[in-house]
Amino acid sequence: METTTIDVRQGDFNVEDVETLRKDFNWEEMKATFSWYHTGKVNMAYEAIDRHAENPNKKDQIALLYSSPKREESLTFDQLRKRSNQFANVLKKYHVNKGDRVFLFMPRSPEFYASFFGILKVGAVAGPLFEAFMEQAVRDRLEDSQASMLITTPELLERVPVDELPDLEKIVLVGATGVDVSNYIDFDHEMEGASESFDIEWVDLEDGMVMHYTSGSTGKPKGVYHVHHAMIQHYATGKWVLDLTEDDVYWCTADPGWVTGTSYGIFAPWLNGVTNVIRGGRYSPESWYETLAKYDVTVWYTAPTALRKLMSAGKDIAKQYDLSKVRHILSVGEPLNPEVITWALDAYDRRIHDTWWMTETGAMLIVNLPCMEIRPGSMGKPIPGVEASIIDDDGNELPPYQMGNLAVKEGWPSMMRAIWKRPEKYNSYFINGWYVSGDSAYMDEDGYFWFQGRLDDVINTSGERVGPFEVESKLIEHHAVSEAGVIGKPDAERGEIIKAFITLNPGYEKDDALLEEIRQYVKTGLSAHAAPREIEITDTIPKTRSGKIMRRLLKSWELGLPTGDTSTLEE
Ligand code: WT7
């Protein structure tokens, strides 16, 4: 592919520097450049917000630029510091302590970000939940994390089974005008009376900071636990990969309910002191482009599914907006199609830089740095300080072009420190000192990594990770459904869609209304993104003799592929 002719910043180093850095870099040295290095006592909220608010040249810069169809508001670093101090005081008043899990279940808003930093300031662990979650998804996460406090809105509170969550002692309601708040803590009222000063709780590098639930192929979603230490890598990748400088206007399209929305929607941009655009409300091509143009966004971090939608909306729409300020575009979450890269070169005059990482890894690991040659279809190369490889199932490294497990040598700062309450799950990620990602890939002779697929049954639909087990469990709760097997089916726009195979209970027959009812049942019970787009009724669900659903076989049926080894299939 031709590289672009326009003059984009090449980042802070050129290709040769990067190769040198890859050899020489170590995280310990970088750590020593942080002001907290000698005390070892830190707080992400201080580094991301208060540090800038204490700088006379920086305090009045807009930190948060919030825009939704109903509301537009901005907060400077100083204002964000004060608001989060106020909320930290509210938390103290209600006896929230270091290490407590405080969950947030609300749409993106200035209140969300003030609350989030307030939680960090008291040393508690923040657990943001995606606003589209329905009752089952909310319950699973609050139950497992034993959250003692939830911050939510009156509308979303309806999806919280409060009476069934014994650990959940306190609920803060945001925007509760006209609602009876006698059983709750009223955010607006408490904030009014709260002091704008607060003594931050200094924590250890290894103390908990944020928790995200993510799906595997078996069991309920798992609580991925991250610590303050991660800031080193959030800061470094913000600088190297997002190429942030202090006067950038940055927009990350991800919701903070997912890890991209915290690591790169909160931590990396504010550690680097940029103006961070937060957009609420629904997306449309017009509103995306309007956001980029209106706020003079310079750096944009988004996802392949969004880019594919923009591509199908056509280049002409893009050309109606002034996108000339957009200097750097990046993508994450699923394979970035080479067509999209080629299209963007034409439509935006910009290259798109793919990045690879996971909820578990906490920050980017394999990337395309601004100075690198982009090989469309490849995720790029490991960042300095990270060693990635392709290994076989016994943990032996494989030569270039051989497909295997994409694995990373242990020891990067932003790595999760636990799967909440499930040490055996955590340990199962490792072999011979390698963290095994669950993705299959190969490496070319120049060290570029090429994604091939997931090795487990995890589904990636529109960049969101869905565990088949969760969907199957919800399906069989429906009175008509006897058994269910769920797979991801390739789809041009969404990457994969969720397809469910079900068997019906006696007395039920195939009819379209019933199938739609079942679909709605998952949508309203679990969440919209987990609802199967296709449901097919079959006579049996293939299982192994030990009763495991053979999703691989379902997938082969669906795609008309050979069924492979079926020796373990039940009679
Ligand atoms: C899975 C992780 C943390 C980023 C958001 C997703 C897939 C991620 C890429 C990429 C191909 C990718 C992998 C990975 N994935 N980035 N650049 N190319 N696939 O986080 O929900 O934890 O999902 O997303 O399969 O394992 P997540």
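Colleague: Which residue takes a positive phi in the hairpin of S23 and S24?
Modeller: This is a predicted model. Between the two strands of the hairpin there are five residues. The residue with a positive phi, near 85°, is Gly447.

Colleague: How do S23 and S24 run, parallel or antiparallel?
Modeller: Strand S23 covers 434–443 and strand S24 covers 449–454. Five bridges join the pair. Their direction is antiparallel.

Colleague: What is the bridge partner of Asp439 in S24?
Modeller: S23 and S24 are joined by five bridges. For Asp439, the partner in S24 is Arg454.

Colleague: Which residues are closest to the ligand?
Modeller: The ligand is surrounded by 21 residues. Elements giving two or more residues to this shell are H10, strand S16 (352–356), S23 and S24. The closest residues are Trp356, Met358, Thr359, Phe451 and Arg465.

Colleague: How many residues of the shell around the ligand are charged?
Modeller: The shell has eight nonpolar residues and eight polar ones. The charged residues number five.

Colleague: Which strands stand at the edges of the sheet of nine strands?
Modeller: The sheet is open, its pairing is mixed, and the order is S3-S2-S13-S12-S14-S15-S16-S17-S18. Each edge strand has a single partner strand, so one side of it is left without a neighbour in the sheet. The edge strands are S3 (71–76) and S18 (381–382).

Colleague: What is the bridge partner of Val249 in S13?
Modeller: Strand S12 (residues 249–252) and strand S13 (residues 275–279) run parallel and are joined by three bridges. In S13, Val249 is partnered by Thr275.

Colleague: What angle does the direction of helix H10 make with that of S12?
Modeller: H10 (residues 259–271) packs on the sheet. The strands touched by H10 are S2 (62–68), S12, S13 and S14 (299–302). With S12, the direction of H10 makes an angle of about 170°.

Colleague: How far apart are the end C-alpha atoms of residues 57–418?
Modeller: UniProt, in an unreviewed entry, lists these residues as "domain: AMP-dependent synthetase/ligase". The chain over this span is 30% helix and 23% strand. The end C-alpha atoms are apart by 39 Å.

Colleague: What distance separates the centres of domain 1 and domain 2?
Modeller: Domain 1 spans 18–443, and domain 2 spans 459–559. Taken over C-alpha atoms, the separation of their centres is 30 Å.

Colleague: Which element gives the most to the side of domain 1 that touches domain 2?
Modeller: The contact takes 22 residues from domain 1 and 19 residues from domain 2. On the domain 1 side, helix H6 (135–145) and helix H12 (304–313) are the elements that give two or more residues. With five residues, the element that gives the most is H12.

Colleague: How many residues on that side of domain 1 are polar?
Modeller: That side of domain 1 has seven nonpolar residues and five charged ones. The polar residues number ten.

Colleague: What are the helix and strand percentages of residues 470–548?
Modeller: UniProt places "domain: AMP-binding enzyme C-terminal" at these residues, in an unreviewed entry. The end C-alpha atoms of the span lie 14 Å apart. The content is 28% helix and 32% strand.

Colleague: Why is one side of S27 and of S29 left without a neighbour in the sheet?
Modeller: S27, S28 and S29 form an open sheet in that order, with mixed pairing. The twist averages 25° from one strand to the next. S27 (481–491) and S29 (534–537) stand at the edges, so each has a single partner strand.

Colleague: Which residue in S29 stands opposite Ile502?
Modeller: Strand S28 (residues 495–504) runs parallel to S29, and four bridges join them. Opposite Ile502 stands Ile537.

Colleague: At what angle to S27 does helix H18 run?
Modeller: Helix H16 (residues 468–477) lies across S27 and S28, at about 140° to S27. H18 (residues 551–559) also lies across S27 and S28. The angle of H18 to S27 is about 60°.

Note on methods:
Residues numbered from 1 in each chain as written. Predicted model: local features only at pLDDT ≥ 70, side-chain atom pairs only at ≥ 80, totals over all residues. Pairing = 2+ DSSP bridges. Contact = placed C-beta atoms within 7 Å. Axes fitted to C-alpha atoms, helices over the stretch in contact; angles between N-to-C directions. UniProt positions renumbered as here; feature names shortened; annotations may be inferred. Near = placed C-beta within 6 Å. Nonpolar A, V, L, I, M, F, W, Y, C, P; charged D, E, K, R; others polar. Domains from an automatic or database assignment.
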